[in-house]
Amino acid sequence: DPPEVSQFLNTISNSKSLQSLSGLPYYCRLLMEEFRLGKSQGGIGIPEFKDEFELLEHVVSGIIKREIDKGLLYWEHFDGGEAGLIEWIETIAIVLYEENFKGLSKSEVEEYAKSILVRELPQEQYSHALTTLIQFPLLAAGIKPGVITYKHELLGEYLAARYLLEHIIKDPVIFGKRLGSRLDFADSLMVRYIASRLPREQESMQLIITTLKTGELRGMAFANLLQLVLLSTPAHDVITNNQIILEGKDLRSVKFTDKDLQKVSFRNCNLSNSLFKDCNLQNAQFEGAIFAETKFEISSGDSLSDARFGNLQNFESIYEGKHRIDDRNKMIKWVQKITGRTERIQEPCATTFQLRTLFLKYIRQDGSGHRSALRATTLSRGTRYANAPSPDDCIKACLRFNFLRGPDSRKRILITSDQDQKNDIIDFLKDWRLTTKMRQLLDYLCPKSSCVHIPESYLMGRES
């Protein structure tokens, strides 16, 4: 109906907040549904929503109200009334969020539903309420038969975020873990919602900061809570003022924006895909840190003055603004220019770099698996280091020492199936540590007599 479309577009164009919300297809569809509902009821069309969370709350409340108005559900059927039903939909949401919305079996959803229904209900009412909950409009059939999930993941994530915000004060450590290990967490609806509400919960905010200081959290749980704090407060000195220690932490994909990070130690941190935007990083320490697609968006020329980067032993790539640097020599020159320091960098031998280049095609620098098999022609391609054995010679030596195996029937070279040797490779890539067998391999390959292969300064441990 063109006139209806024109009215909808005019309504949207007259509101900055609605314009912003309509940019996301799912929100645009929700706004269109609200517009049609309002018109059908003789209203003005679309209520004014100041942000996405007011829209989502309006949608959830509307769905519940319609179920009540139709007589499909009754508050008195739930332990705790309205609060009981809300607890149920939020609990389902957080469980599904933790499983990446793959779905719950119908029997699991029923068990959660039974936990909130009044047990003394007559059997017919009890069965009707249970069926209505299983068929609740927020839920839908999953991909697999007999599985139920949220009809729209954004609504599910919003309700999961509400659940976590309400429960954070009980145990921030568990809370940090339940936020998951999403590498896009800093841009997720989950973190946006909690960060927008957390400043009102000063007790919870202080509890999170205290938890970050205790050292109890490891891995992505620490990064999750840190990101929440960074987004929840405008304070430039939230890290330094609260003496939060970052050294050795897994800070993958954490975004530091407009923060004072003078003299902060990022030694041995995993900074893969992390962002430093308009931060003061003077005298910061980055020795031993993993740099992989790490972004530096620095507006001031002296923001990194006197920062220390050490030997850059875990450098893969960075971005200076939109300019990508993935060459070690160019990185060294950039560090010298941006910091004003010229550090004496001790390098591993060329054979060490050549062998790492080969293994990195199978296993990532953080020790996670990348692929298990590659054609020999693919393995032979890539960076070649002067005064090092050729990639083909490295492949042959790895086959001889059983770090690789094959070729198979498809002419592919496979990573070793021996877990001990696979751990040798991981130690080599992750911490530059040479086990006995790995050292034997390097001694066999390296043309330099009595080579130590890796200088002592490279052997710096990080949090696992």
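How far is the sulfur of C394 from the closest cysteine sulfur, and in which residue does that partner sit? Hello everyone, let me start there. The closest one belongs to C398, and the gap is 6.5 Å, which is too far for a bond. Please keep in mind that we are looking at a predicted model.

Let me stay with the cysteines for a moment. C394 itself is buried, at 1% relative accessibility. Another one to look at is C451, whose closest cysteine sulfur is in C349, at 3.8 Å. A disulfide needs the two sulfur atoms within 2.5 Å, so the C451 sulfur is also too far away for a bond. C451 counts as buried too, with 12% relative accessibility. Across the structure, the number of disulfides is zero.

Now, on to the aromatic rings. There are 22 aromatic pairs here. Y97 is buried at 7% relative accessible area, and F101 is buried at 9%.

F359 and F428 make a pair as well, with centres 6.3 Å apart; the planes stand at 90°, so this one is edge-to-face. What I like about this pair is where its members come from. F359 is in helix α15 and F428 is in helix α18, which covers residues 419-431, so the pair links distant parts of the chain, 69 residues apart.

F256, F266, F276, F286, F291, F296, F309 and W334 are joined by ring pairs into a cluster.

Staying with F428, there is a charge to point out. R356 places its charged end over the F428 ring, 5.7 Å from the centre. R356 also lies over the face of W432, where the distance to the ring centre is 3.6 Å.

Let's go back to helix α15, which runs over residues 350-359 and includes T357. Is T357 buried or exposed? T357 is buried, with a relative accessible area of 19%; the limit for calling a residue buried is under 20%. The T357 side chain reaches the backbone oxygen of F353, at 2.9 Å. Leaving aside residues up to four places away in sequence, T357 touches T383 and Y385.

My last stop is a sheet. In general, strands of a sheet pair through backbone hydrogen bonds, either parallel or antiparallel. Here we have an open sheet of three strands, in the order β9-β11-β10, and the pairing is antiparallel. β11 spans residues 412-415, and three bridges join it to β9 in the antiparallel sense. If you want a place to look in that pairing, find A373, which stands opposite L414 in β11.

Key: Residues numbered from 1 in each chain as written. Predicted model: local features only at pLDDT ≥ 70, side-chain atom pairs only at ≥ 80, totals over all residues. Heavy atoms only, no water. Pairing = 2+ DSSP bridges. Helix = DSSP H or I, 4+ residues; strand = E, 2+ residues; numbered from the N terminus. Buried < 20%, exposed > 50% of the residue type's maximum accessible area, 1.4 Å probe, protein only. Contact = heavy atoms within 4.5 Å. Polar contact = N/O pair within 3.5 Å; in protein donor to acceptor, adjacent residues only side chain to side chain. Phe/Tyr/Trp six-rings, centres within 6.5 Å; stacked < 30°, edge-to-face > 60°. Lys NZ or Arg CZ within 6 Å of the ring centre and 35° of its normal.
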